[in-house]
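Biologist: Please take me through a single part of this model closely, setting it in the context of the whole chain and giving the cut-offs behind each term.

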Amino acid sequence: MTPSLRAILVLWAGLAAACSGGGAPQGQTPALPAGETSAGPAAAPGQINGAGATFPNPIYSKWFAEYNTIHPDVRINYQPIGSGGGIRQLINQTVFFGATDGPMTDEQLKAAPGPIVHLPTVLGGVVPAYNLPGVSAELRFSGPLLADIFLGKVKKWNDPAVARENAGAKLPATDITVVHRSDGSGTTYIWVDYLSKVSPEWKSKVGLATSVNWPVGVGGKGNEGVAGLVKQTPGSIGYVELIYATQNNIAYGPVKNAAGRYVKASLESVTAAAASSVDTMPADFRVSITNAPGEGAYPISSYTWLLLYEHPADKQRARIMLDFMKWALTDGQKYAPALGYAPLPEKVVGLELEALKKIGS
């Protein structure tokens, strides 16, 4: 290419960028399109990119915005692409941090180029959200009933199995439309983790993973996609994180817990589910609290985790993320209740603050 031709092309590219309004303010890196992330040298020193679970996206968005007001030079970009996508991008090192609602498997940890630390951030509940016009009663569910609905064995809302859990409710002969996640999802992991504990048939036929072969139903991407499909589909039932049901004004019912009590998801019932894990928390924080003991425990509860490499190559971003995590685990917890999440137990916070000391060492 001749020097003159190269100059023309450079000039043309600059004019195109100016006309499209694509330029970023001086000293800032433009926001990346959805699904595109990079932890490479192109990112500004104060910019950190992450991706993963949709379950904690409302609280993470709040945290990143609040932290930016304290540290204007730090910008944390987060793409809620699902836990499976976040884990893959972290393993491939195309993001600096990942986020998941289902702990990484031993195989996934071995596939990563270095040790990864799981850091619980908040607690939440996954609820059976349904759309059944004409039914004013709050529908109740047991674990085996939910498993049979998602296995396709219970096909009508007036099925005797539904009626047994809801004596007195006027149930229509409407077909049940099952809605599930279409992407690799930690919310799915929590849901099927619970179903695997309460239904041997589910465990043997479908099993436990962030992505499973669904026997029936239609798929939606993200918690937002499932909530949207349930809201617009009469006769449907799906599973979403609590805040997505409340924000979309979708009905959700109490679930029978291990103590035989029907408990609705709330800050108190999710906190009660976590109580059993506090004194037995494993060193790597990979723990399941679905179907937890306790009369007040909501049975489909879970921690959600932020994932960091223990020995990141980029020490500057590591220092920023460590400071952010210390803030999120302490001052940041006060923002959780308003968004439908339960704050972490104090003892778990103490364990995590100790774990943070080994990151970047």
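Modeller: Of the 361 residues in the chain, 52% are buried, meaning under 20% relative accessible area with a 1.4 Å probe and protein chains only. The model is predicted, so local features need pLDDT of at least 70 and side-chain atom pairs pLDDT 80 or more, whereas totals for chains, interfaces and linings use all residues. Residues are numbered from 1 along each chain as its sequence is written, and side-chain values use heavy atoms, without hydrogens or water.

The chain has 13 helices and 11 strands, which are DSSP runs numbered from the N terminus (helices H or I, at least four residues; strands E, at least two). Among contacts (heavy atoms within 4.5 Å) with a separation of 6 or more, 74% join residues 24 or more positions apart.

Turning to the part itself, helix H2 (residues 57-70) packs against helix H12 (residues 315-329) at an angle of about 110°, their axes being 11 Å apart; the axes are lines fitted to C-alpha atoms over the stretch in contact, and angles run from 0 to 180 degrees between N-to-C directions. That makes H2 roughly perpendicular to H12, a term covering 65 to 115 degrees.

On the H2 side, Trp63, Phe64, Glu66, Tyr67 and Ile70 take part, and they meet Ile320, Asp323, Phe324, Trp327 and Ala328 of H12. By class, the residues of this contact comprise 8 nonpolar, 2 charged and no polar, where Asp, Glu, Lys and Arg count as charged, Ala, Val, Leu, Ile, Met, Phe, Trp, Tyr, Cys and Pro as nonpolar, and the others, Gly among them, as polar.

Conventions: Angles under 35 degrees count as roughly parallel, over 145 as roughly antiparallel, 65 to 115 as roughly perpendicular and the rest as oblique. Buried means under 20% relative accessible area, exposed over 50%, partly exposed in between (1.4 Å probe, protein chains only).
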